[in-house]
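Q: Could you walk me through this structure? I am new to reading models like this one.

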Amino acid sequence: MSYFLLKYIHIISATILFGTGIGSAFYMFVANRKKDLAGICFALTNVVIADFIFTTPAVIIQIITGIFLIHNVGYDFSEFWIKWSLVLYFFVGICWIPVVFIQIKMRDIAHAAFHKKTQLPAQYWYLDKWWIALGSLAFPAVMVIFFLMVFKPQ
């Protein structure tokens with residue numbers, strides 16, 4: 001596959017990954033702050049769907065195209081910007097994987113509360129705190145990865 005096609009796919013998947021992530025986080029965060037149970041159910045349902053349709057494939061495409069680009073151009077995995085991009089990529093993944101399960105659990109709790117016409121239990125808000133904490137760790141790491149990819153510091 002040509003360098004420019006690989007790079008194009010890599011950039012598009014990074015855009016999808018970042019855009020879906022920040023968009024989903026925004027809608028879920030706002031829905032939770034408003035505490036409107038119907039809105040929370042709607043947001044969480046779609047955030048979980050977006051993770052499976054957009055985020056998961058983009059995560060896979062990113063690592064595959066990244067490795068092919070490294071080989072295509074002749075970079076070495078020990079180069080500073082590549083090594084730290086990969087470290088941060090896996091750190092973000094370590095944050096993201098529990099977030100996926102947290103979002104699914106939060107969705108299920110919200111739907112149960114909605115159907116029972118009850119308030120969200122304390123467990124929901126406990127999970128929300130973890131969701132915020134993990135996202136707060138992952139987001140700056142993603143920004144650093146973008147910096148490393150663009151500037152390629154030695």
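Q: Which element gives the most to the lining of the largest pocket?
A: α1 gives the most, with 14 residues; a pocket here is an open set of points on a 1 Å grid over the protein atoms alone, where a 1.4 Å probe fits and protein lies on both sides within 12 Å along at least five of seven lines, and lining residues have an atom within 4 Å of a point. The model is predicted, so local features need pLDDT of at least 70 and side-chain atom pairs count only at pLDDT 80 or more, while totals for chains, interfaces and linings use all residues. Residues are numbered from 1 along each chain as its sequence is written, and side-chain values use heavy atoms, with hydrogens and water left out.

Q: And which residues lie nearest the centre of that pocket?
A: Leu17, Phe18, Val142, Ile145 and Phe146 do, out of 50 residues that line the largest pocket. Two or more lining residues come from each of α1 (3-34), α2 (37-73), α3 (80-116) and α4 (122-151).

Q: Switching topic, how many helices and strands are there?
A: The protein has four helices and zero strands, where helices (H or I, at least four residues) and strands (E, at least two) are DSSP runs numbered from the N terminus.

Q: What box do the C-alpha atoms fill?
A: Taken along the principal axes, the box is roughly 60 × 25 × 20 Å.

Q: How many of the residues count as buried?
A: Of the 154 residues, 32% are buried, meaning under 20% relative accessible area with a 1.4 Å probe and protein chains only.

Terms used. Buried means under 20% relative accessible area, exposed over 50%, partly exposed in between (1.4 Å probe, protein chains only).
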